[in-house]
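Hello,

Here is the model we talked about handing over. My notes on the sheet and on one helix pair follow below it.

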Amino acid sequence: MAVSIKTICPYCGVGCGMVASPQADGSLAVRGDANHPANRGKLCLKGASVALTVNVPNRLRYCMVAEKAGRQRVVPPEGAIRHAAERLNQILQTHGPDAIGFYLSGQLTTESQYLINKFAKASLRTNHVDSNSRLCMSSAATGMSLSLGSDGPPTCYDDIELADAFFFIGSNAAECHPVTFERVMKRIRRRAPCIVVDPRRTATADAATLHLAVKPRTDLALLNGLLRLLRDWQCIDRRFIDASTSGWDELSTLLDDYPPQRVAEICGISQRDLTRAGRILADHERLISFWTMGVNQSAQGTFTSNAIINLHLATGRIGKPGAGPFSLTGQPNAMGGRDVGYMSHMLPGQRRITDPDHRREMEAFWGLRPGTVHDHPGHDAVAMFDALDRGALKAIWIVGSNPAASMPNLPRVRRGLERAELVIVQDAYAPTETTPFAHVLLPAAVNLEQDGAFCNSERCVSLMRQVQPPPGDARPDWWWTQRIANQMGFHAGLQFAGAADIFDEFARSTAGRANDQSALSHAWLTARGPTQWPAPALASPQRRRYTDGVFATPDGKAKLLARQHQPPEEMPCADYPLILNTGRIHSQWHTRTKTGNVRQLNALSPEPFLEMNADDADALGLSNNQRVEIRSRRGRAIGTVKIAAGALAGSVFMPIHWNELWSPEASPNEITTDAADPLSLQPALKVCAVRVSAL
């Protein structure tokens with residue numbers, strides 16, 4: 001009889017529990033874990049097919065080292081470890097710690113994230129540690145920290161069944177978080193109204209009671225306009241505002257600038273729909289607001305997050321069952337990564353590098369001399385690759401990510417990787433767009449092949465168990481880091497027997513902090529199952545935060561922040577008359593290193609496409625399934641036209657998943673720039689005007 005082992009889905013931030021069973025023929029059978037609170041046995045298409053991503057032709061099984069001719073040859077693990085350690089030591093001695101950077105991922109276990117972050121900041125003394133969460137979740141994390149005093153949503157998934165109404169903004173949850181959205185749909189079918197704010201007519205919008213097809217980059221104006229309506233209708237909670245918040249007077253003054261007529265004009269919607277949305281918000285006490293990348297990957301992403309939270313603070317709908325702002329995470333352990341401080345301005349326990357008390361706390365905890373941890377933040381994700389390009393950064397260690405395909409401004413990113421003296425790439429798959437740049441290539445274990453903890457969108461920590469051994473020389477990411485660190489001579493604090501010991505240290509580092517997980521351990525999670533933080537050692541875990549109206553700020557009050565809408569820097573014009581939107585689709589994942597070899601998923605989405613309005617297509621003389629070129633001021637891509645009923649006129653949509661490795665002609669990520677303007681470095685963070693023409 002096959003042994004069933006509990007593990008965690010490696011895709012989005014829902015954090016679905018799975019049960020995997022090795023079969024006699026060597027395959028794996030996977031089903032949803034009916035006892036896991038995140039999914040209750042449900043899995044999406046990608047989760048259900050995850051076993052098909054393990055033993056695939058592009059699995060990286062052996063270590064490789066680059067030769068002078070540019071070829072990569074297979075070497076034994078000890079040879080790769082020794083070579084990486086020697087090269088890092090040479091750069092450290094010659095150029096100092098600020099010449100070394102680490103680029104991590106929200107797909108790593110908490111243990112790997114913690115150990116790599118500790119090695120960099122405590123041993124090497126470089127704060128140049130960042131992650132792909134910088135691009136997808138930093139706006140939400142910063143927004144929650146500024147408004148509430150701490151990162152991490154105050155809500156839980158069980159609030160969905162208690163909510164009276166839902167508000168989605170910048171989130172196509174039906175495709176990107178389908179298991180969570182299925183729970184929402186059950187409430188919608190029972191007459192809970194749902195507002196969806198999205199320029200595109202998505203599957204989520206199709207299920208909505210009201211779809212607000214706003215112009216791109218007008219979310220903040222809409223949110224201010226909705227709160228203005230609630231204020232004018234006297235639907236705010238003055239008692240809660242006075243007792244638990246600060247900043248209302250300034251915010252109320254700003255709301256005077258957002259009368260309904262102006263907001264409707266800015267957003268490109270009718271006053272009737274704006275008012276209807278306001279009435280839904282006003283008339284339903286238990287409201288959940290969901291947001292994700294459509295908000296976060298915006299030049300005003302942090303401010304928009306603040307405005308979403310303002311809606312809940314001003315109406316007192318936070319810290320209560322069935323109500324609250326709920327940021328949906330894009331990767332399975334992006335929340336865990338933020339908890340361990342795997343960003344350039346952070347330390348474990350949601351501590352800040354610029355805070356001297358926080359540095360002293362971690363130095364004492366790690367047994368370091370005072371002043372060991374540098375007081376300046378390191379390079380963020382974008383700045384790190386710019387520093388490589390300039391030669392300021394000499395070495396980069398990339399773990400579980402594919403920045404040569406996923407970062408903005410790819411010409412600069414790739415040029416930086418070419419110029420680096422040392423590129424270490426740790427991945428489970430090869431080739432990717434990034435692996436050809438590697439001087440050292442290390443094979444990593446995937447989720448089904450290791451033990452470790454993940455933390456999902458609702459702050460729920462789950463234990464992932466190893467189901468089968470990794471292939472060849474592949475090992476967990478923390479294992480490679482520890483071995484190379486030890487080879488370099490760093491032994492103190494970097495000699496863990498296994499993932500459980502690493503997690504124990506991480507959990508203790510959070511004691512007394514807003515994200516306290518000091519009660520948790522692998523043994524706890526095995527015995528009691530998935531657990532939400534805060535989970536202090538001497539108290540019960542809390543499913544909801546701020547239930548007492550006291551927030552994680554110095555004065556205990558949440559901040560109502562006045563955030564002014566700013567028009568986009570780039571607008572359509574005669575040469576570039578359309579606006580490009582990008583996003584995920586339900587059958588693919590990021591740069592397709594996992595899903596690209598799954599035949600069943602590829603059959604659903606065989607090639608990149610450009611979704612557009614029928615009138616726009618007619619005006620350009622284009623027809624359905626026609627091959628077209630999409631060109632912006634910064635680059636070009638190729639796709640197939642998909643005329644969509646209800647698509648917003650003047651906007652087109654293209655999925656992010658195809659790059660030249662999978663489709664040499666079609667690369668949305670070619671839409672990049674080499675300009676010096678920081679906003680221009682991130683086309684995903686600003687409105688991008690394009691033109692479309694037949695091939």
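**Sheet and helix packing**

Seven strands form an open sheet in the order S5-S4-S18-S17-S16-S6-S7, with mixed pairing. Strands here are DSSP E runs of at least two residues and helices are H or I runs of at least four, numbered from the N terminus; two strands pair if DSSP finds at least two bridges between them. Strand S5 (72-75) and strand S7 (129-131) are the edge strands, each pairing on one side only.

This is a predicted model, in which local features need pLDDT of at least 70, side-chain atom pairs count only at pLDDT 80 or more, and totals for chains, interfaces and linings use all residues. Residues are numbered from 1 along each chain as its sequence is written, and side-chain values use heavy atoms, with hydrogens and water left out.

Within the sheet, S17 (residues 422-427) and S18 (residues 440-443) pair in the parallel sense over four bridges. Val425 has Leu441 in S18 as its bridge partner.

Elsewhere, helix H9 (residues 219-232) packs with helix H12 (residues 260-267) at an angle of about 160 degrees, their axes 9 Å apart. Axes are lines fitted to C-alpha atoms, for helices over the stretch in contact, and angles run from 0 to 180 degrees between N-to-C directions. H9 and H12 are therefore roughly antiparallel (under 35 degrees is roughly parallel, over 145 roughly antiparallel, 65 to 115 roughly perpendicular, the rest oblique). In contact (heavy atoms within 4.5 Å), Ala221, Leu222, Gly225 and Leu229 of H9 meet Pro260, Val263, Ile266 and Cys267 of H12.

Regards
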